Amino acid sequence: MESAPGLAAGEDDVCAPYLEKLPITGAAVSLFGGSATETLVSATDELAARLDELQFNLGEGPRWRALQTRLPVLLPDAQSPIDHEWPMFRRAIQGTRAAALFVFPLTVGAVDLGVVELYHITPGTLSRYDQAMAAVLAGETSWHLLRRILNLSSPETDPVLEPGLMSRREIHQATGMVLAQSGTTAAESLLLLRAHAFAHDLTLKETAAAVLEGRLSFDPANGGPGGRALQ
């Protein structure tokens with residue numbers, strides 16, 4: 001398989017080819033499987049990273065549909081007031097420059113790795129040619145990241161993945177604590193964390209830190225399944 005230009009194995013800037021080959025403003029690449037669960041690998045700018053973080057925090061948005069369906073999700077008018085899908089996410093991006101969003105799944109065979117999230121400051125969709133190019137680049141990104149994951153014997157061996165692994169490790173630890181406190185499943189425990197974060201205008205990382213530090217409990221004896229801030 002030939003590599004797409006600018007995406008040779010070992011190169012760290014996995015977002016650069018998308019900016020070079022597609023009519024977009026920014027891009028972000030996230031991993032959702034294997035040893036690097038829900039990790040932001042790279043983002044071209046602050047807004048690209050923010051769009052990724054919002055969807056992670058809220059548990060809704062086009063990236064989740066792309067992961068579930070393994071198909072691209074194209075939003076030519078991301079801020080349309082008449083589209084009621086993902087209401088929390090759409091409300092959160094109001095006022096940002098993200099006018100159009102394009103999400104492509106990262107897969108290798110039956111393995112789901114993550115997503116690449118693209119945005120443009122001008123409304124409009126990608127042409128068929130650009131969609132095909134984005135799919136090719138996503139395939140190359142998938143293989144590139146899979147090779148890095150397979151070569152990752154410890155977080156210290158990959159300085160690009162390591163910060164993301166560390167930044168969200170607390171969330172997964174907190175999810176385990178909530179699971180033990182609430183008696184729910186892992187998926188439901190993460191939903192409890194997300195719901196608390198959204199209701200209290202916090203990030204998911206801030207909510208997880210409160211759980212790990214003992215300032216927040218989801219034990220029914222300490223306030224019920226919605227969680228309670230402890231003194």
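This is a predicted model: local features need pLDDT of at least 70, side-chain atom pairs count only at pLDDT 80 or more; totals for chains, interfaces and linings use all residues.

Q: Which residues line the largest cavity?

A: Its lining is made of Leu51, Gln55, Phe89, Leu101, Val103, Glu117 and Leu118. The elements giving two or more residues to that lining are α2 (46-58), β4 (100-108) and β5 (111-120).

Q: And how does the lining of the largest cavity divide into nonpolar, polar and charged?

A: You get 5 nonpolar residues, 1 polar and 1 charged.

Q: Glu117 is in that lining. Is Glu117 buried or exposed?

A: Glu117 has a relative accessible area of 7%, so it is buried.

Q: Which residue forms a salt bridge with Glu117?

A: That would be Arg63, with the closest N and O atoms 3.7 Å apart.

Q: What about Arg63, buried or exposed?

A: Arg63 counts as buried, because its relative accessibility is 0%. Arg63 and Glu117 are also linked with Asp52 in a network of salt bridges.

Q: How many salt bridges does the structure hold?

A: There are 5. One of them joins Glu85 to Arg65, and there the closest N and O atoms are 2.7 Å apart. That pair links distant parts of the chain, with Glu85 in the loop between β3 (73-75) and α4, Arg65 in helix α3, and 20 residues from one to the other.

Q: What's the relative accessible area of Glu85, and what's the relative accessibility of Arg65?

A: For Glu85 the relative accessible area is 32%, so Glu85 is partly exposed. Arg65, at 29% relative accessibility, counts as partly exposed too.

Q: Which residue does Glu213 form a salt bridge with?

A: With Arg215, where the closest N and O atoms are 2.8 Å apart. Glu213 counts as exposed, at 55% relative accessibility, while Arg215 is partly exposed at 41%.

Q: Switching topic: how many residues has the largest nonpolar core?

A: That core has 24 residues, and the ones with the most contacts inside it are Tyr18, Val29, Phe104, Val116 and Leu118. β1 (26-31), β4, β5 and α5 (128-150) are the elements that give it two or more residues. The largest share, 6 residues, comes from α5.

Q: Leu118 turned up in the cavity lining as well. What is Leu118 in contact with?

A: Setting aside neighbours within four places in sequence, Leu118 is in contact with Tyr18, Leu22, Ile24, Gly26, Ala27, Ala100, Leu101, Phe102 and Phe104. Apart from this core lies another one of 21 residues, among them Ala48, Val73, Leu75 and Phe89.

Q: Last topic, the largest pocket. What volume does it have?

A: About 220 Å³. It is lined by 13 residues, and the closest to its centre are Arg50, Leu54, Phe198, Asp201 and Leu202.

Q: Which element gives the most to that lining?

A: α2 does, with 4 residues. The elements giving two or more are α2, α4 (87-93) and α7 (186-199). By class, the pocket lining has 7 nonpolar, 2 polar and 4 charged residues.

Key
Residues are numbered from 1 along each chain as its sequence is written. Side-chain values use heavy atoms; hydrogens and water are left out. On a 1 Å grid over the protein atoms alone, a cavity is a set of points where a 1.4 Å probe fits but cannot get out, and a pocket is an open set with protein on both sides within 12 Å along at least five of seven lines; lining residues have an atom within 4 Å of a point. Ala, Val, Leu, Ile, Met, Phe, Trp, Tyr, Cys and Pro count as nonpolar, Asp, Glu, Lys and Arg as charged, and the others, Gly among them, as polar. A nonpolar core is a set of buried Ala, Val, Leu, Ile, Met, Phe, Trp, Tyr and Cys residues joined through side-chain atoms within 4.5 Å. Buried means under 20% relative accessible area, exposed over 50%, partly exposed in between (1.4 Å probe, protein chains only). Contact means heavy atoms within 4.5 Å. Grid points are joined across faces, edges and corners, and a volume is the space filled by probe spheres set on the points. A salt bridge is a side-chain nitrogen of Lys or Arg within 4 Å of a carboxyl oxygen of Asp or Glu.
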